[in-house]
Amino acid sequence: MKMKQLLTCLRSQGKLMLFTTFLTLFTCATSLAQERKVTGTVKSTEDNSPMAGVNVLIKGATTGTITDINGSFSIVVPGNNTTLAFSFIGFNTQEVPVGEKSTFSVLMAPASQQLGEVVVTALGIERSQKSLQSSVTKVPGMSLTAARENNLGSSIQGRVAGVNVTKSATGPAGSSRVIIRGNKSIGGDNQPLYVIDGIPMDNSQFGQVGVWGGTDQGDGLTSINPEDIESVTVLKGAAAAALYGSRGGFGVINITTKKGTLKKGIGIEFNSNYVFENVYRLDNLQHVYGPGGATANPADPTGDYIYSKPTTQQEAYDWGAGSMWGPKLDGSPVVQFDGVVRPYSYAGDNWSRFYRTGSTWTNSLAITGGNDKQSFRFSFSDQKENFIIPNSDFKKRNASLSTNGKFGNKITFNAKVLYSNEDMNNRSLLGDSPGNAPIAIWTLANTVNVMDLYGDPNKPGAVPIGVTTPDLKSVGEEFQQSNNNWLQNPWWSAYQITNRNVRDRFITSGNIRYDILDWLYVQAQIGMDYYTRNSNSLSPQGTGYDRTGGKSNTSNFVREINQEWMLGVKKGFGKFNVNAFVGGNKMQRQAENIQVSGNVFQVPFFTSVNNTQNQAISYGFSKSGINSLYGSAELSYGGYLFLTGTGRNDWFSVLNPKNNSKFYPSLGGSFVFTDAFKSAMPDWLSFGKVRAAWGQVATANVGAYSVNPTYSLLGAGHLNIPMGTFSFGDNIPNPDLSPAISREFEVGTELRFLSGRAGIEFTYYDQKTTDDILSATISQASGFNSTSVNIGQLTNKGIELLITVTPVVGKITWDVSLNVAQNVNKVVELSPGVTRLFEDEPRTRTVGIYQVVGLPFGEILGYKQKVDPASGKKVFDETGSPVRSDVYEDLGNGIAKFTGGLTNTIILEPFQT
């Protein structure tokens, strides 16, 4: 190649003077000596993967090339003083001096690493942290698998300022309550909208614990596999969620799942995770006095009664239910509930005998592959959990398949299918004593070993062969320790009173985008969330409080389809840039349920609904939809001043046509003052931004058939003739009902110091809900007691603070994140003339949760010990017992006003190059 160029150079000068020829020869030879070929590879700093399609240009010239599928490049450079510029969309441009090197290894960092973050905002739109006008927090997916939880809501606990997560001790697959910036509605559930890859996900609960007990039936978040999550973005304020309109009033949690990368080859990832758990605290109970009762004193039959040990099996049976009113434990022989004589002594720790070590074993496998045109990712996960209560377990299997790619230079596409199968066996019964194993242990006589209640080894908790019980139960019925039928044998509660839920779920989505011009695009998306849920519960024959037994089976079918289109523009005009789009969405939701139940089993111990004497069947159906149009426009100047406005209009199928149209706007701006005044900024201040935003959203959707009267059939009717009735009870529907409105204003700042090694983010917000949906009393002459009206008001005001520090960077990276938040909530208005509204109460019925005007959401009211108004001293009766107050008094609030979390992340990268 060099010789050919040399001959060409000589021939071109053949007719010139000899001196000119030699001069030209010298010049060509010098040029050839400097010109040479260099090679190299380009990789991403995110995962060290090769980057295809990177532009490699000689700085100051038009000569260049692009990297191939392996990230490799080859280019001829004119000399050692050349600089190569590497550029790729979404990544920071990298300039590398050539010098005397001939081989290069270039690492390119995503632009987000300088801008702070690129986050997924409303409708799946990616925006830089610079332009965000409201507080948006991103949680990396890897942090959700380090300390694994079954429920995604529990995984984000303590990680996001202003987000309060509550999870009750309800066992595997239990639900979590996620509240963002306080409770905003009395009539709504206050839970955020969950969106997976742009597709809203149903997070309904099918049951929860109430005053008469029950089970926490879980929510939809257990369907998500943490291993599939790339990141979670929390949209807190009304401005951030306004593009979701009527569904974004309680905030939005955007979930982005992993996908394959456009590179050649196959990648395999395997993860195995094991977690065990034990009961943390077992409250100490007294071990001085045993079970017994008050009997006449043999020495003084007419005198005061004395407390005595049981002397017969019947007395042991009568006094065995939490009656620790006998004499002191002395080790003397006494007869117990089963007729066996045992020492009158403390029987030992029944909690440890009954509870077991819980464990969760999760294995997952992911395969990725593709080329520079298309990629795929397939994953499978298997999870098995055994709960601390015997015979309670949870199994979950997740599978996902995604593909993304491009056709030519203008069309890009992606499609995903997420599948989950969840099998929950024996959720814990809570709140009341029936079926509640922990209460059964708690109330067990302290002289009884719980293992003596195991009974039939083939049917735990059942009366074994050869034992005669005081209540004369048959073999196979519940083996009880006391005459209180509601305080059960814990083994019977765990093994015989059973329930099971099985859910199969598909979440699918497909998206295609066509770039009409460099600055103009159109895209369309369709997605579906569909699941079936089958559940059954059994109260077996022989149960103490239900000797005849009963069973129920329920099937639920839920489907939501969202169809969406969008036309967008992204173009620059000098220092001005416009990023705008308009679009529309059509949502259709359908739910169906079938339940069959029966009681009084006829063939002994054959637990089928067909074997019951009294049978019933019920059926439910609902269908609703929302049509929407929306738009957003972001105008920026110089890359440091941003102004954003959005608007969405929803049309509801569940509202009357005259008022079924609702509009939700937002407006906000941000100013990056460190970019605007670079020369005036100190070196230690890396990034500085102030922002402000206002938005309006809905806080509660009106359910299907809530505004018009509906009817249902009355069982078997009358004389075999069908009869109908109102299906809405004594609360008559209101045709003018509409969703409540939430308006919120927020301001904040973001500061970063020492090249991003430290940062502070502060936010203040002021939110108000108006036209909340409450029940108002009406004249009973109408035939009804109440109707739902838009009248309630609540406010939330608060601050959020996030502090981040990276003390160590290198082979070992240590990140520390501290977030704190305060929220002040207030119920401003209820129905006319109503200052207190009852919500719920526990089994004791001596305390309750109320909404009280002037106090925070969910105030606790109950009885206190009476206080003498004259002396201020507590009042006791003649026996020394405290005297209860005459009316309910304010006891406080169970919702934390201050929340926070501290997170330490340490990453070891010993093999990074």
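The protein chain is divided into domain 1 (31–108) and domain 2 (118–260), with bounds taken from an automatic or database domain assignment. The C-alpha centres of domain 1 and domain 2 lie 42 Å apart. The model is predicted: local features need pLDDT of at least 70, side-chain atom pairs count only at pLDDT 80 or more, and totals for chains, interfaces and linings use all residues. Residues are numbered from 1 along each chain as its sequence is written, and side-chain values use heavy atoms, without hydrogens and water.

Confidence was examined next. The mean pLDDT of the protein chain is 87, and 93% of its residues reach 70 or more; pLDDT is the predictor's confidence in each residue, from 0 to 100. Over residues 1–33 the pLDDT is below 50. This stretch has twelve contacts in the model beyond near neighbours in sequence, a contact being heavy atoms within 4.5 Å. Residues 112–116 also stay under 50, with nine contacts beyond four places in sequence. Where pLDDT is low, the predicted coordinates should not be read in detail.

An open sheet of four strands has the order β3-β2-β5-β6, with antiparallel pairing. Strands are DSSP runs (E, at least two residues), numbered from the N terminus, and two of them pair if DSSP finds at least two bridges between them. β3 (64–66) and β6 (94–97) stand at the edges, each with a single partner strand, so one side of each lacks a neighbour in the sheet. The twist averages 20° from one strand to the next, with axes as lines fitted to C-alpha atoms and angles running from 0 to 180 degrees between N-to-C directions. Strand β5 (residues 83–87) is joined to β6 by four bridges. Phe 86 has Gln 94 of β6 as its bridge partner.

Strand β11 (residues 163–166) has alternating side chains. Val 163 and Val 165 point to one face and are buried (under 20% relative accessible area, 1.4 Å probe, protein chains only). β11 pairs with strand β12 (residues 177–180) in the antiparallel sense over four bridges. Ile 180 in β12 is the bridge partner of Val 163.

Val 163 also belongs to the largest nonpolar core, of 21 residues. Such a core is a set of buried Ala, Val, Leu, Ile, Met, Phe, Trp, Tyr and Cys residues joined through side-chain atoms within 4.5 Å. β16 (229–235) gives the largest share, three residues. Leu 152, among the residues with the most contacts inside the core, touches Leu 144, Leu 221, Ile 224, Ile 229, Val 232 and Ile 255, leaving aside neighbours within four places in sequence. A second, separate core of 19 residues includes Met 324, Phe 337, Val 450 and Ala 494.

Methods
Buried < 20%, exposed > 50% of the residue type's maximum accessible area, 1.4 Å probe, protein only.
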